[in-house]
Amino acid sequence: MMIIVKSYRCKTKSEIRSLVITHRTSTESRSEQKMEEEDDHPEALSAEDYAAEAMAADLDPWIVFDARKTPRAEFPSWLESNRPSLVSRFGDDVSGPVGWIAVYGTSHCPSKGDVSGLQESWERLRSSGRAITFQTIKEIALNHNVLTGKWLMHLDSGFKVDHAWECVARAILDGKIALAKVSPRDPNSDGKHVICVYNQNFADEEQVMQLDAAIRATGIKCPLSYKPDVYTYLGIYRNNRWKLCPTIYESKFDLECVPRRSHIINKVTNLEVT
């Protein structure tokens, strides 16, 4: 089952087209450059490059299993047909580009945050002379109810990402998680995929910890990092000009602890949460 999903994170469609075209051109150039260079030193990208890459994926069609509308009996065949290691980001002779693969749980409720108002407040904040910090960004996020966030995991293509994605997707159908998405295979991503697992309120630390526990309960043990969606909407990625870390929690699973559990650090305060 394929559902086309579009998500716009700029103020105008012309801004979106310009950024996406620029990104795709630069992506092609980087790919050609990699083939020509003998050494394999990764190119440092700006926050704007990362933002454009994410925006391009959001604009392309998504492959979605929506448990609110689709019988669970159809899920196993859908999952097998849409393993992230086999779905091409830029398409092939049979299918077109795919931005994300996603599963919506029965409890999933689309965010009702005011993203346009958030971006306007962001522009005012930038021109006000006030410091750009996590706290000032959190303030405008709360004012506009843009509160969703996600735990991120970066995994190698092949069995690792396919297995982790299956674990997360089944947890969604079991009602343990509301929403998650995974990036398809991208030849320009050094063989890595990202899985994003969402919750409703990044400012509710208990809720964020509960989602980590739900992810760990599926058997996933790799490191996780947590990013508020407000950073995504405002284009705050790695190498941003304000030197903000784009993630606010880090989770590492302790295999030696009894019982086994996550050690989670709040990266804003540098304090251990669990």
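Reply: Helices (H or I, at least four residues) and strands (E, at least two) are DSSP runs, numbered from the N terminus. The model is a predicted one, in which local features need pLDDT of at least 70 and side-chain atom pairs count only at pLDDT 80 or more, while totals for chains, interfaces and linings use all residues. Residues are numbered from 1 along each chain as its sequence is written, and side-chain values use heavy atoms, with hydrogens and water left out.

Me: Where is the place of Asn82, and is Asn82 buried or exposed?

Reply: Asn82 sits in the loop between helix 3 and strand 2. A residue is called buried under 20% relative accessible area, exposed over 50%, and partly exposed in between (1.4 Å probe, protein chains only). Because its relative accessibility is 11%, Asn82 counts as buried.

Me: With which residues is Asn82 in contact, leaving aside its neighbours within four places in sequence?

Reply: Contact means heavy atoms within 4.5 Å. Once neighbours within four places in sequence are set aside, the contacts of Asn82 are Ile63, Val87 and Ile101.

Me: How far apart in space are Val64 and Tyr104, C-alpha to C-alpha?

Reply: Val64 lies in strand 1 (residues 63-66) and is buried, with a relative accessible area of 0%. Val64 and Tyr104 are 40 residues apart in sequence, while their C-alpha to C-alpha distance is 7.4 Å.

Me: What is the distance between the end C-alpha atoms of helix 6?

Reply: The expected span of a helix is 1.5 Å times one less than its number of residues. Helix 6 (residues 159-173) has 15 residues, so it should span 21 Å. The end C-alpha atoms agree with this, being apart by 21 Å.

Me: What covers the buried residues of helix 6?

Reply: The buried residues of helix 6 include Val161, Trp165 and Cys167; for Cys167 the relative accessible area is 16%. Their cover includes strand 1, helix 3 (75-81), strand 2 (101-104), strand 3 (149-156), strand 4 (179-182) and strand 5 (192-199).

Me: At what angle do the axes of helix 4 and helix 5 cross?

Reply: Axes are lines fitted to C-alpha atoms, for helices over the stretch in contact, and angles run from 0 to 180 degrees between N-to-C directions. The axes of helix 4 (residues 115-128) and helix 5 (residues 134-143) come within 9 Å, and their crossing angle is roughly 145°.

Me: How many disulfides does a search of the whole structure find?

Reply: A disulfide is a pair of cysteine sulfur atoms within 2.5 Å. For the whole structure, the number found is 0.
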